[in-house]
Amino acid sequence: MFWVLDFACLAVILGAAVMVVRLRTLTGAVVALSAVGTVLTLLFVVLGAPDVAHAEVAVGAIALPVLFLVAIGKIRTVVEPDQVGEPSVDYPPDPGRTDPTRRPRGTGAGEPEGSGG
Amino acid sequence: MIHVNYVAAAALFCVGLYAVLTRRNLLRMVMGLSLMESSTYLLLVSMAYRRGSTAPVLLDPPPGKTASQLAAGNVADPVLQNFCITAVVIGVAVTAVFLAVVVRIAQHHRTLDADEVRAMGG
């Protein structure tokens, strides 16, 4: 029973870690990171470390996602929306980055150059 | 059987390293560093576990045992667990510093793409 719980927690942790890398949206990756912390807490309880589990659930499941989401919220006001919200952030290299017909950041349409900073 | 935990910690470290090395978004890099920290916690707690051990939360040694027997006996190693708690607390502070730096870079350069932040490339 011990090893069943151990291996199940390890499998979920590795799956969530792969999702952190593979998910296209940044907010989804933050939630997957929170899942890693939560399941790591369960694994610590299984391995006989309840005090470490206490610290980890406060940090990994609550503090870390809040920090990331606050950072995303602050960044979202100064960078283009596709860098923090929608896909096409990482790979492949964005072909529309130098496209002059592309929308400037924000909701303004049409003008290739954003109106001031 | 506990060696599976070590292998999983190594795999988690490799996933975090892959994220740091291949992603261009600075926030993804910080997430990869958080994954590498998590692999450290997993390794430390797995090393503290002994076969059939329980949590090292004791008022007195169990009946018929002395404290020196208990140090080599069936509780998990509290020293490595203390290391792990210290690593958790330091890890969240380091991640907060990383995120503050990323926010400042984004405000200054108006981008999150590490390839476009030329000032960091030297």
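B:Arg24 is buried, at a relative accessible area of 17%; buried here means under 20% relative accessible area, exposed means over 50%, and partly exposed is in between (1.4 Å probe, protein chains only). This is a predicted model, in which local features need pLDDT of at least 70 and side-chain atom pairs count only at pLDDT 80 or more, while totals for chains, interfaces and linings use all residues. Residues are numbered from 1 along each chain as its sequence is written, chains are lettered from A in the order in which they are written, and side-chain values use heavy atoms, with hydrogens and water left out.

Over all chains, the structure holds two salt bridges, each defined as a side-chain nitrogen of Lys or Arg within 4 Å of a carboxyl oxygen of Asp or Glu. In one of them, B:Arg24 pairs with B:Asp113, with 2.7 Å between the closest N and O atoms. B:Arg24 sits in the loop between helix 1 and helix 2 of chain B and B:Asp113 in the segment after helix 4 of chain B, so this pair ties together parts 89 residues apart in sequence. Helices are DSSP runs (H or I, at least four residues), numbered from the N terminus. B:Asp113 is buried too, at 5% relative accessibility.

B:Asp115 also forms a salt bridge with B:Arg24, and here the closest N and O atoms are 3.5 Å apart. These two residues are 91 residues apart, again linking the segment after helix 4 to the loop between helix 1 and helix 2 of chain B. B:Asp115 is partly exposed, at 43% relative accessibility. Through shared partners, B:Arg24, B:Asp113 and B:Asp115 form one network.

## Where the chains meet

Let us turn to the interface. Chain B and chain A bury about 4200 Å² between them, 73% of it on carbon and sulfur atoms; buried area is the accessible area (1.4 Å probe) that two parts lose on being put together, summed over both. B:Arg28, B:Met31 and B:Arg110 supply 16% of the area that chain B buries against chain A, more than any other three residues. The contact (heavy atoms within 4.5 Å) takes 47 residues from chain B and 51 residues from chain A.

There are zero salt bridges between chain B and chain A. Helix 1 (3-22), helix 2 (26-48) and helix 4 (78-109) of chain B each give two or more residues to the side that touches chain A, and helix 4 of chain B gives the most, with twelve residues.

## The nonpolar core

The largest nonpolar core has 59 residues, of which A:Phe68, A:Ile75 and B:Leu27 touch the most other members. Such a core is a set of buried Ala, Val, Leu, Ile, Met, Phe, Trp, Tyr and Cys residues joined through side-chain atoms within 4.5 Å. At least two of its residues come from each of helix 1 (2-22), helix 2 and helix 3 (50-75) of chain A, and likewise from each of helix 1, helix 2 and helix 4 of chain B.

Leaving aside neighbours within four places in sequence, A:Ile75 is in contact with A:Val84, B:Leu27, B:Val102, B:Val103, B:Ala106 and B:Leu112.

## A buried serine

A:Ser34 lies in helix 2 (residues 26-46) of chain A and is buried, with a relative accessible area of 15%. Not counting residues up to four places away in sequence, A:Ser34 touches A:Gly60, A:Ala61 and A:Pro65.
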